[in-house]
Amino acid sequence: MHPIIFALLLTLAAPTAAVAEMYEVKMLNRGAAGPMIYEPDFLSLQPGDKVKFLNASAGHNAVTIEGMVPEGNAGFKGRLNEEIEVTLDQEGFYGIKCSPHYAMGMVMVIRVGESALPASFVAADAPERARKRFDEILARNGFGK
Ligand SMILES: [Cu+2]
């Protein structure tokens with residue numbers, strides 16, 4: 001057999017490695033579900049997948065919320081108008097807020113892996129409107145009380 005064809009067959013036979021996915025989240029002044037919103041507001045990822053936050057409207061950012069990241073995780077902090085791109089390697093739930101619009105309920109949830117919703121995530125301190133949106137997002141995705 002020609003060596004090049006042989007090499008090609010070997011490549012085809014090799015098991016396909018898990019390819020990291022890239023997800024995009026729009027930061028919006030107004031979305032289909034209301035004002036000051038991430039679209040989508042929930043993502044379920046595999047460890048190693050990436051998320052990029054897009055400036056669909058100006059004046060937003062994406063920051064992990066204290067007490068709403070997996071144990072020992074440093075989280076991330078995008079600057080205002082920064083289209084931050086993050087790789088999420090650690091399994092668990094991540095609560096994300098827009099700093100200027102946290103009190104208006106601009107939050108989202110990312111689940112990495114197959115982990116269950118930790119009680120600490122539900123108990124973490126959040127402004128009333130943010131908490132209400134968290135509850136709604138979690139319930140809609142099967143993590144309700
Ligand atoms: Cu915002």
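## Overall make-up

Three helices and eight strands make up the chain. The model is predicted. Starting at the N terminus, the elements follow the pattern α-β-β-β-β-β-β-β-β-α-α.

The chain has 145 residues, and 28% of them count as buried. Among contacts in the chain with a separation of 6 or more, 67% come from residues 24 or more positions apart.

Strand 1 covers residues 22-31. Strand 1 pairs with strand 2 in the antiparallel sense, over five bridges. Within this part of the sheet, Lys26 stands opposite Glu39, a residue of strand 2.

## Sheet 3-8-7-5

Another open sheet of four strands has the order 3-8-7-5. Here too the pairing is mixed. Strand 3 (42-45) and strand 5 (63-64) stand at the edges. Each has a single partner strand, so one side of each is left without a neighbour in the sheet.

The pairing of strand 3 with strand 8 is parallel and runs over four bridges. Strand 8 spans residues 107-112. Leu45 stands opposite Val112 of strand 8.

## Gly144, after helix 3

Which segment holds Gly144? Gly144 lies in the segment after helix 3.

Is Gly144 buried or exposed? Gly144 has 11 other C-beta atoms within 10 Å. The cut-off for an exposed residue is 12 or fewer, so Gly144 is exposed.

Which residues does Gly144 contact, leaving aside its neighbours within four places in sequence? They are Leu138 and Ala139. Phe134 is 10 residues from Gly144 along the chain. The C-alpha atoms of Phe134 and Gly144 are separated by 9.8 Å.

Conventions: Residues are numbered from 1 along each chain as its sequence is written. This is a predicted model: local features need pLDDT of at least 70, side-chain atom pairs count only at pLDDT 80 or more; totals for chains, interfaces and linings use all residues. Two strands pair if DSSP finds at least two bridges between them. Helices (H or I, at least four residues) and strands (E, at least two) are DSSP runs, numbered from the N terminus. A residue is buried if 20 or more other C-beta atoms lie within 10 Å of its own, exposed if 12 or fewer, and partly exposed in between; C-beta atoms are placed from the backbone. Two residues are in contact if their C-beta atoms, placed from the backbone, lie within 7 Å.
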